[in-house]
Amino acid sequence: MRSLTSTVTASLIALGGIVAGTSANAATICFAFQDLETEFWVAGHKAITTTLADQGHTVLERNANEDANKQLEQIKDCIAQGVDGIIVIPQDGESAVTIVKEAQSADVPIAVFNRPPTDTSKGIVVVADNKTIAEQAVDYIVEEALAKAPADKTLNAIIIVGDLGDPNAVGRKDGFYAAIDKHKDRFNVVEVASKWDAATALANLEAAVTANPEVDLLFTSSDFLFPTIRSVFEPRGLWKKPGEDGHVMMAGLDGDKTACQLIKDGYVDATGVQDLYFEADASLKAILAAIDGGEAQPNEVVQDPGFALTQANLGTDEMKMWGCVLLAGK
Amino acid sequence: MPSAASSPSRKWASRLFLSDYFVLYLSLAYVAILAPFLPTLLNPANISNVLSNLWPLLVVATGQTFILATAGIDLSQGAVIAVTSVIGAMLIAVTGNAAVLSNAPIWGVFIGEQGGILAGSIGGIAVAIAIMMLVAILIGLLNGVSVAVFGMPAFMVTLVTMIVIGAVAIYLSLSENISNLPDAFVTLGKGDLVSVYFGAQDESKIPRKIIYSFVTYPMVIAVAVAVAAHYLLNRTVFGRQVVAVGSNKRNAEVSGIPVRRVIVAVFVISAVCAAIGSILYSARLEAGRPTLGAGTFLLDVIGATVIGGTSLFGGKAKIIWTFFGVLFFVLLSNTLNLMNLSAFQVDMVKGAVILAAALLDVLRTRLTRELT
Amino acid sequence: MGDLLAFEGLSKSWFGVPAVSDLTLAMRENSLLGVIGQNGAGKSTLMNMIGGIVEPTSGRMRWKGADYEPKSAADASEAGIAFIHQELNLFTNLTVAENLYIDGFPRKFGMIDWATINERTRHILGRLALDVEPSVNVGHLSPGERQLVEIARALHNEAELVIFDEPTTSLTPRETERLFETIATLRGEGRSIVYISHILSDVKKLSDDVAVLRDGKLVDQGPASDFSIARMIRSMIGRDLGGQFPERSNTPTTSAILSARSLSQPGVLQDVSIAVNRGEILGLFGLMGAGRSELARVIFGLDPHETGEIEIDGKPLAGGPRERIAAGLAFVTEDRRAEGLMLEAPIAENLALVSIDRFGKKPFMLVDRERVAEETEAMKDNLSIKAGNIARQPAKALSGGNQQKVVIGKWQMQSPKLFILDEPTRGVDVGAKYEIYTLIDRIAATGGGILMISSELEELLGMADRIVVMNRGEVVGEVGRDEFDRETILSMAFREVIA
Amino acid sequence: MTRSMDKISDFVFRNATYLIFAGVLIYYGIQAPSFLTPESLVNIVKQASFTGIAAVGMTFVLLTAGIDLSVGSVMFLAPLMAGYVMRDLGMPVPVAVVAAVLTGVVLGSINAILIVRLRVIPFITTLATLFLFRGFGTWLTSSQQFDFPDEIRAFGLSGVFGIPTPIIVFTAVALVAHLVLAHTEFGRQVYAFGNSPEGARKAGLKVGWIQARVYIICSACAALSGFMLIAQIGRLDAAFGEGAEFDVIAAAVLGGASLFGGIGSAFGAVIGATLIQTVKLGLVFTGVNLYLQPIIQGVIIFIAVLVDGMREKQVLAKMKRTIRPL
């Protein structure tokens, strides 16, 4: 024990007073994200890291593996490393508040990407509202479904719920119900758990469809589950284009490549889109501006309004969806 | 002693491998090797940070040490952290957010618009903490009785409690985090007692960035828990009984050790330590979180304890080992961060380190066998 | 050359300590060699070398005239040597037939050919007159039946040499009879047999030749007809019985410390009553499987009993070991390594284990380490445990005798009223044995009671004030010191055979 | 009278899993009659087949009193390798299946070497390889999803006489495993080793080789299971198979495999996996609150483990030596 103390003391003396100072035009940015398990996050991760690298900045990546506490530790590690700025995709809104506070009290500018802190007054906050976006997408399919159905018919709606430990999943679920509840008496809702796991979703959806063979409408809390849905629907004759017999009104959320293709093909009717590139760009610009301006605690809210890409607005808004940009670039 | 042990290199090896401080030496060597490549490693800010990451993990690993000492395993610690975090927060939150919580089963019962039912007083916080401990004790009892009395394997029992208690935690608040915790509680997770400034004395204004906290409330709490645990495990009658059960259960039975009671007690201790860890984690994140301690957290806990030298087969456990093990583990993840590995490689490095530590343990065991 | 198996200068030492040294011995084809010797005489090391489990340090073995260097158990079985171990080596989750064929099943299209196996097994079982189905799980068989299954395994392997290691210990007398008949059958088929046993009369009766081992050396050998029981003992021990035991230094009182009345437990004990007086060493004799250890476990609260009561100093005993230890009981179990010691833990921790409660200082029950060190050190001196630093040295580093002293010492720390000693000198060398006997005498002399269980009748004859004989879970007789007589006691132990 | 009581309790313990199974089926059947339609039952078995295939492999490991925590990562990495073979080498599905299983064999061999040669305990070994295998896959894919060529889904959704392919594969695996365990020398030696490793060594069995093979078989089964599941979906996500080890172990234990070794059967694993899936899908059928579903699952597993513990005690009591007739 004594030897540890002395080593530590010695190194403290040696390093005392040295504080890393880096010029802003080649900044070191800490990019901490919660996980990389769906296309959305992977694309966002890629956009941010490559843009920064292209501009000559150093990026320190930190993956928290969906552990808010680990993320806090990683942010602290970044601060200790003397980074110039931090971009964080937090695990959830509450931990985001703590993380922002941590960074700001160390005078390191911080931007929060995609998941808003519960208190948006601190830090650069780039937000999209999961609930509203989900509601927009579901609104579209609800209206379409009701328009086609006989007036007295009760429709069967399925929602594939994400991991209940993830607030994004809960927000999307709330958005779904916000839309459905506008016509409460017309829908019979079946909830299917997915835990953000394709295998679980497969098993549960198959059971749900067996139990309720007549499906009129489906909302998946993430686009990454569309291949799973296809596996269940196709053999049952439910995977059809609009106009074909058995077409199920379907909507998702994220706006990824697969969803874009499926909307173009007509199988899927709508998906809620978070404007990934806008969000990435906005956070980068804001954080670099703060570093350049020597601002230690920049506070700003950048709203990503998001939107729903539907069969109706496909022609005009296609290239506003990041998945379609990716798809076109391929 | 057999003659084999007498050669100088063997003696050196035995002294190194069998020392209580082996993992400390290992950590120091690790730091010494990496320091030239990672200049920030010995930066005061980084050291302060390593320390702040160390304390909560130390508390939880301390509890696990007792379990491993009896040759058991407790997979439910993470779930205990989650459920006590939610329960504590719902009782003391200053205000409740109806928008997110109004559907939760606890809404209107334990928490409302005006906050938790114990909100608004220091005494309330104390009561809430007592309730968190009580919940932990009950879960520990459930685990312990299942293992000791019904003879169920600890692995399966705590796996099931992990699933069930974890689900209960999420159910209580319907996935939502409960924020707006009182400042007095938050201080427990991040408050400073002593901070240090390194720099020229004539600076007119000290930028906050270079004030480093070293003595914090989590440190005090964790050190208190660890010291108490150290005495309990290594100095008390109970500690001797724990080790006796882990060394040779049948011998312990014949020797009049209350084996069942000891097993139940270690599961309770483990759960209580998890609950104390829950206070530290909830306070530093300023929210009651149903997903605390999920994922790979538990593997960190067991990994750190085992790297410290505590045997999975029981009978060999010291809190000081666990302290060094946790130190090594925290240093490891700190340096993995500082190394700027791509996010895609971290898992592999981590797996390799666990394996290396396990191999080291096998080597140690073999050496011990050879040298004595 | 009619030698089936021969050893030439065979030696094996562990960490420089010889277990078998320079052994030269040959056995003829189709003969029965009886091997006797005390525990630790080197019998099991010798057997392990034959079985390919242990490699000799020097010397060689020859099997049917050729060099024999088994590297594994499989090599031995391939050569045609089979073992019937004392602790039966059967897989209780498999059937009789599977146990026979586990190391090599006849196959048909890659699958096990059950029809052939069952038929052959039935045939082999028939030869042993064992009437069980080949498809019965071994877990469901009685110890005697299991032993016959082991023999069947040897037969199935067409073993030319079958080595029996203490085969009768867990058998009922009737089963023993049957075993002897089987051995005769085996010999009739031209097989050779090595028979290791402590029951000297059996050895004399069965053997053609006898070999006596002591301290790893062959000390005596010759045709069985030349051996009397007395010569066997003399050779095994190396001297006459006299002087092997210390003089008993006190006469027992007549006030009972322990009294157990009418203890019964189905399948284990039947109406057992027993009493131990202050200052008395009560010997408990019986063959293995007679219920001696079982009685000890019941008295100590480790196993249940359905009826009857146990009192200590007139107060009824209840609860488990913890309560009974508090009441003044101590139990040195027969399996020191599994139940008596924490092998990895330091000697001092082992010594302090039972009495650890009284070293706790209130209010936190912190262990008074100074007092522990003092008292354990004193105990070490008191029992002359040959160890270095008892606070560091692990128990496993001690010799068998010293380990046993540690086990006795951990109980003595608690100053018990009644000691139950189950095979206290098992695996202990002759010198340490004497010390342990002295210790036992001293405990009795200071007013303690001792219930001493042993399968070595001599040691009970030497030490006990009274001997109670058990058979099949019942007390079948009791003999006072002045009436001690080998024949009488043995005949009680073998009652069923004689009756 | 006590004897007949004994017999009843004996029967209950011996068949606890089946009794629990029957109870669950009846309960759900009453709650939602459509649950018992052939279509629904076929679906349950199909969904159970993925965990089931892996659980059959896990049974081999549990029979030796070992454990394999790395199956979830194998379920991820093996299909990924098969995917590369299909996409980049243009190989057809049968070759991909072989590639997946071979990957499983390689990964299982890594576990086996660590456990048998280096003597690292199975728990720690497979905990480390859990991270290593998944880390390797994550590194290869950079966490991106992997899209399989379309033929794989055609294979996944195919069937013979209306029986879905996964069920056929599951049945085949279970049958082969049953034959291996019950009717081959190796199988019986696995049981012998689990009953007494020391005894197996003394009986001259090649214990290292036995132990090595069970880990290889376990990984191969996990690989096949992962491949069959991916064949349903056609896409491999970064999180695929995470945490599957717990489901797989639970299924095997529920099917009667003891964690202490020596007890268990391939057929049991089939029952265990099907029971868990029945419980889960029944909860979907009856529309139980999503938040309560894991709690109910946990309680049912707890009961099964409790019964297993009691059965173990009974067996031990039975093995106790009696020295005189009862």
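How many helices and strands does the secondary structure of chain D come to? In this predicted model, chain D has 14 helices and four strands. Its radius of gyration is 20 Å. The globule rule gives 20 Å for 326 residues, so chain D is as compact as a globular protein of that length. The C-alpha trace of chain D spans about 70 × 55 × 35 Å along its principal axes. Of the 326 residues in this chain, 60% count as buried.

Two helices of chain D illustrate the packing. Helix α5 of chain D covers residues 93–117, and helix α11 of chain D covers residues 207–233. Their axes come within 7 Å. They cross at roughly 145 degrees. The crossing of α5(D) with α11(D) is right-handed. The contact between these two helices contains 17 nonpolar and nine polar residues.

The contact takes 37 residues from chain D and 30 residues from chain B. On the chain D side, α6 (122–141), α12 (244–254) and α14 (293–319) each supply at least two residues. By class, the chain D side divides into 24 nonpolar, nine polar and four charged residues.

Chain C is described next through its sheets. One is an open sheet of six strands, in the order β6-β9-β10-β3-β11-β12 (chain C). Its pairing is mixed. Strands β6 (81–84) and β12 (217–223) of chain C stand at the edges. Each has a single partner strand, so one side of each is left without a neighbour in the sheet. From one strand to the next, the twist averages 20 degrees.

Within this sheet, strand β11 (residues 209–214) of chain C pairs with β12(C). The pairing is antiparallel and runs over six bridges. Here C:Val210 stands opposite C:Gly222 in β12(C). Helices pack on the sheet as well. Helix α1 (residues 43–50) of chain C touches β3 (32–37), β6, β9 (161–165), β10 (192–196) and β11 of chain C. The direction of α1 makes about 150 degrees with that of β9(C). Helix α8 (residues 229–237) of chain C also packs on the sheet, where it touches β3, β11 and β12 of chain C. The direction of α8 makes about 30 degrees with that of β11(C).

Another open sheet of six strands has the order β18-β21-β22-β15-β23-β24 (chain C). Pairing is mixed in this sheet. At the edges stand β18 (329–332) and β24 (474–480) of chain C. Each of these edge strands has a single partner, so one side of each lacks a neighbour in the sheet. On average, neighbouring strands are turned by 20 degrees against each other, direction ignored.

Strand β15 (residues 281–285) of chain C and strand β22 (residues 449–454) of chain C pair in the parallel sense. Five bridges make up this pairing. C:Phe285 stands opposite C:Ser454 in β22(C). Helix α9 (residues 292–299) of chain C lies across β15, β18, β21 (418–422), β22 and β23 (466–471) of chain C. This helix runs at about 145 degrees to β21(C).

Notes. Residues numbered from 1 in each chain as written. Chains lettered and ligands numbered in written order. Predicted model: local features only at pLDDT ≥ 70, side-chain atom pairs only at ≥ 80, totals over all residues. Pairing = 2+ DSSP bridges. Axes fitted to C-alpha atoms, helices over the stretch in contact; angles between N-to-C directions. Contact = placed C-beta atoms within 7 Å. Nonpolar A, V, L, I, M, F, W, Y, C, P; charged D, E, K, R; others polar. Left-handed = near helix turned anticlockwise from the far one by under 90°. Rg over C-alpha atoms; globule rule 2.2 N^0.38 Å. Buried ≥ 20, exposed ≤ 12 C-beta atoms within 10 Å, placed from the backbone.
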